[in-house]
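Colleague: I've got a model open and would like to learn how to read its features. Could you walk me through it?

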Amino acid sequence: MDAETLSRRTLRFVNVAHALDHFVLLIYPTAVLAIAAQTGLSYGELIALATGAFVAFGLCALPMGWLADRFGRRNLLAVFFFGYGLSCLGVASAASPTAFALWLCVLGLASAIYHPVGSTMLVSHSRRLGRDLGVNGVWGNVGAATASGVTALLATGFGWQAAFLVPGLVCLACGTAFLAMVPGDGEGVQGKDRGKAVLAVSRPIPLLVVFACAIVAGGMTFNITTIALPKVVDERVGDGLPLALIGSVATLVFMVGALTQLVMGRLIDCYSLPALFLSLSVLQPLGLGIAALSTGLPLLAGLVLAMAALYGQVVINDAMVARYVPPLYRARAYSVRYFLGFTVSGFAVPLIALLHERGGFGLVLGIAAACGAVIVASAVGFFGLTGNDRSRPLAPAG
């Protein structure tokens, strides 16, 4: 297979995998509303069962870059498809809190594969980095956006088990097609970005510290907001809304992020990453602060603003790794990046349960806004530390 065809097919499956990764991981936060009605357990008790899934999502990201280098990125992405499919079927069969916790943990383990492996595959086969990151981000955001609405419709029409069964079968079908159509990793096409220089920095250690703080705070903010969103809409937009309408409203909020990621991808090809980082970071605490202090339509406006900033930030973070890290170390760098962001954010689930019991979603969103303020401070530091750095050809940015 020629490099052009291989790269085109690889990018398509990487995009589909990104959509499935976010879709499947966000089934449970909506399905839990139907499960609670059927089992009589409280929202706090049920949402806490997903703690293992989100901790595994981040913790297990760390070795994925090393495993990809050893066994091949294509092979690990195939494991992602099949692992996700089987774990969805397992959750659908769960009949006790222990079974839910166990299968959700397996689901989190499978989900940990995508971001370190898929991001590396995307950068390796990309023609225009910013554009392809933006498009990939849109696929992921569409997955997250449709998760609430599709889950609500399936749970309402066919029972909550269908909300896991249908995506599980889709994952298995995608895995089969991926193995048949993508024979290996390959070298990728020699697009425009492969000739660009990796950006050198004069103070790498302080820059890494600042970037790590932004990733950790961003991971916490992202997960608090996305996991809590269906219940926030239920309680603070309109009490007593049907589950299908709750899911639809949550989907509309998520969809705003898709547009932001597409725009941000285009901007990355034209403007300085530190400047874009700083400009976008301000919107996170602003939107979350508005949401924390309001209800109804003003709350929705705050959530839309925050969601746009959150998803745009994901594209910027991935572009930073691609631009500042040489290709030889990129898979492991993405592993560390997602390990930091997703492991600490795994604690968002019990934190939501605890804060919701003590102060409702005003307190939950207020804490998320405080994390957003840490991102702003990190962006200011990153902008200052990179002010005098210039590009030099350390390695091709593949």
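Colleague: Let's start with a charge and a ring: over which ring does the charged end of Arg337 sit?

Modeller: The rule is that NZ of Lys or CZ of Arg must be within 6 Å of the ring centre and within 35 degrees of the ring normal. Here the charged end of Arg337 sits over the ring of Tyr338, 4.0 Å from its centre. Before we go on, this is a predicted model, where local features need pLDDT of at least 70, side-chain atom pairs count only at pLDDT 80 or more, and totals for chains, interfaces and linings use all residues. Residues are numbered from 1 along each chain as its sequence is written, and side-chain values use heavy atoms, with hydrogens and water left out.

Colleague: Fine. How many helices and strands does the protein have?

Modeller: Those are DSSP runs numbered from the N terminus: helices are H or I with at least four residues, strands E with at least two. The protein has 17 helices and 2 strands.

Colleague: Take helix 15, then. What span is expected for helix 15, and what does the model give?

Modeller: You multiply 1.5 Å by one less than the number of residues. Helix 15 has 29 residues and reaches 42 Å from first C-alpha to last, close to the expected 42 Å. Of those 29 residues, 23 are buried, so helix 15 is largely enclosed by the rest of the structure. Helix 1 (residues 3–25) gets the same reading: its 23 residues should span 33 Å, and its end C-alpha atoms are 32 Å apart, which agrees. With 17 of its 23 residues buried, helix 1 is also largely enclosed by the rest of the structure.

Colleague: Which residues does Gln313 touch?

Modeller: Contact means heavy atoms within 4.5 Å. Gln313, found in helix 15 (residues 296–324), touches Phe277, Leu280 and Gln284, leaving aside residues up to four places away in sequence. Its relative accessible area is 5%, so Gln313 is buried. Tyr324 is placed in helix 15 too, and at 19% relative accessible area it counts as buried. Tyr324 and Pro204 are 120 residues apart in sequence, yet 9.9 Å apart in space, C-alpha to C-alpha.

Colleague: On to aromatics. How many aromatic pairs does the structure hold?

Modeller: Rings of Phe, Tyr and Trp (its six-membered ring) pair if their centres lie within 6.5 Å; planes under 30 degrees apart are stacked, over 60 edge-to-face, the rest tilted. The structure holds 13 such pairs. For Trp160 and Phe164, the ring centres are 6.3 Å apart and the planes at 85 degrees, so the pair is edge-to-face. Both lie in helix 10 (residues 160–181), 4 residues apart, about one turn of the helix. Trp160 is buried at 5% relative accessible area, and Phe164 is buried at 0%. There's also an aromatic cluster formed by Phe13, Phe80, Phe81, Tyr84, Tyr114 and Phe178.

Colleague: Last one: how many disulfides does the count come to?

Modeller: A disulfide is a covalent bond between the sulfur atoms of two cysteines. The test is a pair of cysteine sulfur atoms within 2.5 Å, and the count comes to 0. Cys60, for one, is in no disulfide: the nearest cysteine sulfur, that of Cys105, is 7.4 Å away.

Technical notes: Buried < 20%, exposed > 50% of the residue type's maximum accessible area, 1.4 Å probe, protein only.
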